[in-house]
Amino acid sequence: MTAILEKSTKEIIPSQEMIPEYFRITKTQKDTHDTFTIELEPPKNGFNFTPGQFNMLYMFGVGEVPISISGDPSDRNKLTHTIRAVGSVTRTMQKLKKGDFVGIRGPFGTHWPAEESIGNDIVIVAGGIGLAPLRPSIYHILSNREKYGKVVLLYGTRTPNDILYRKELEQWRARFDLEVLITVDRAASDWKGNVGVVTTLIPRSHFDPFNTVAMVCGPEIMMRFSVQDLLKCGVAVNNIYVSMERNMKCGIGFCGHCQCGSTFICKDGPVYPYNNVKDIFIKREI
Amino acid sequence: METLEPLLSEHPFLKGLDPKHLQLITGCASNVRFDAGQIIFREGEEADQFYIIRNGKVALQIYTPGRGSIIIDTLTEGDILGWSWLIPPYQWRFDAVAGELTRAIALDGKCLRNKCESDHDLGYELLKRFASIVDSRLESTRLRLLDMYDSNP
C-alpha cells in the first residue's frame, strides 16, 4: 500500500520538488533588528529563477518555510534570501553562520510581469519586508532600463530603523532614471524624510497612470489600500499585480493549506493579477 | 493686477469652484515662504490660517514630554496644511515645522470664516472639500494605528 502511495505521489510531483538540496551559506548580513539576509552557493550549474518566485527553506530538525528570493536573477551563482525572524524556523536561521547549510526546494510560484511590462511605466509599491520579493524585479528592470518608461519605487515601513537595503535604496535614489520615495509610519523629529502610510506616496509620484503596470507587495491590508489608491489614480485594474503569502506550507499545491477557493497560492501564486484575487482580499473566512 | 487666482483655480483642492467663490477666496490669499527648520505654527496657538503648499516639505509634529517631538505626518507639494481654522475652538492641534525651504499660499481663515457665514454656499463647498482631507488623514492615521508591519499581528 505504501509503495503504491509513494509511486502515485512521485508521478504527481517530480521528486526534485519534494527533496531539499543542501546549499552552503557564503554570507550572512543583519539588515534590521529582526531581518537578515543570507547568500547561498548554488550547485555547479547555477540557480535560475524569475523575479517574484520563492524557495522552501529547510532547517533540518526544525521545519520548513517559504521565503521569496531577493537577489539578482541575472546572477546565477548567488542565491539570496531576506528573512524576517518571526517563528521557530526563521529564528533558528537567524543564528546561521557562513559555512552552515540550509535545505532548499524550489524555485516555486509565479513571477512579476517585468518582461510583459516592457514599454510601460512601472510603479513598485513595497511595504516592510515586501521589498524583498520585489528586489529581483527592480534589478531586472534596472538592467534593462531602456525598455521601460518611468520607473517609480514607493516604499513604506514602520520606522527609519526598519528600512531594508538602506544603502542600496540610497544608490537607487541617486539615479536619474528611478524615482524613489520612502515613508515611515512614525519617526522622531530628526528624520528628514516622509512620515505617513505608503499609499500617500502614490499621488505624489510622477507616472502616467494610463500606461502603468503596478507591482505591489507587503502586508495584505497595505496592498488593499495601495490598490484602491492606484485605481483612484487611474491605473487599470488589469495592470495591478499583488503578491499573496497566506498560509503557504508545501510550495507545490499538495497540502492544501494555502487553498483559497479554486486557487493554491503556492502554485498559482504568489504573484497574481489583482483582478484574479480581488475577491479573496475581502474574504474574511480564509 | 496679477492675483493668485489662476494658481488657486488650478489646484485640485479648489478646482471646479464657482468663479465668484474663487474670487472671494483669492481675496484672503497671500504668498508665504518658510526656511528649513522654521516653525509655521505651534500646538495651542490660534488657528487663523491654512496653507496650500506649492513646494517644499512640512512636518506635522506633536511634542511628548520625555520623548521629544514626534513627526506624525509629512506634507509636500500640493498638500493642504491645516484645517483647525474651520472647526472650533480654532486652535492648532499640532506643531508644523518646515523641513526644507517651503513656499505656500496662505489663506486667512478668519476672513474666510466670515465669508462662509455670510455665504453658506461657499461655506458648504469648503466644508465638503476639507471633510475629504480630514477623511483621508483619518484613514491614514487608522492604518498606522494598525501597525501593519508588525511581525506579530
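**View 1. The open sheet of chain B.** In this predicted model, chain B holds an open sheet of 4 strands in the order E1-E8-E3-E6, with antiparallel pairing. Strands (E, at least two residues) and helices (H or I, at least four) are DSSP runs numbered from the N terminus, and two strands pair if DSSP finds at least two bridges between them. The edge strands, each pairing on one side only, are E1 (29-34) and E6 (80-81) of chain B. Strand E1 of chain B is joined by 6 bridges to strand E8 (residues 102-108) of chain B, and the two run antiparallel. B:Phe34 has B:Thr102 in E8(B) as its bridge partner.

**View 2. The interface of chain B and chain A.** The contact (heavy atoms within 4.5 Å) takes 22 residues from chain B and 27 residues from chain A. The size of an interface is often given as the accessible area lost when the parts come together. Here the buried area (accessible area, 1.4 Å probe, that two parts lose on being put together, summed over both) is about 2100 Å², and carbon and sulfur atoms give 53% of it.

View 3. The side chains of B:Asp79 and A:Arg204 form a salt bridge, at 3.1 Å from N to O.

View 4. On the side of chain B that touches chain A, two or more residues come from each of strand E4 (57-64), strand E5 (68-76) and helix H4 (120-145) of chain B. E5(B) gives the most, with 8 residues. Strand E10 (residues 187-188) of chain A is joined to E5(B) by 2 bridges, and these strands run antiparallel. A:Ala188 has B:Ile70 as its bridge partner in E5(B).

**Conventions.** Residues are numbered from 1 along each chain as its sequence is written, and chains are lettered from A and ligands numbered from 1 in the order in which they are written. Local features need pLDDT of at least 70, side-chain atom pairs count only at pLDDT 80 or more, and totals for chains, interfaces and linings use all residues, while side-chain values use heavy atoms, with hydrogens and water left out.

Note on methods: Salt bridge = Lys/Arg side-chain N within 4 Å of Asp/Glu carboxyl O.
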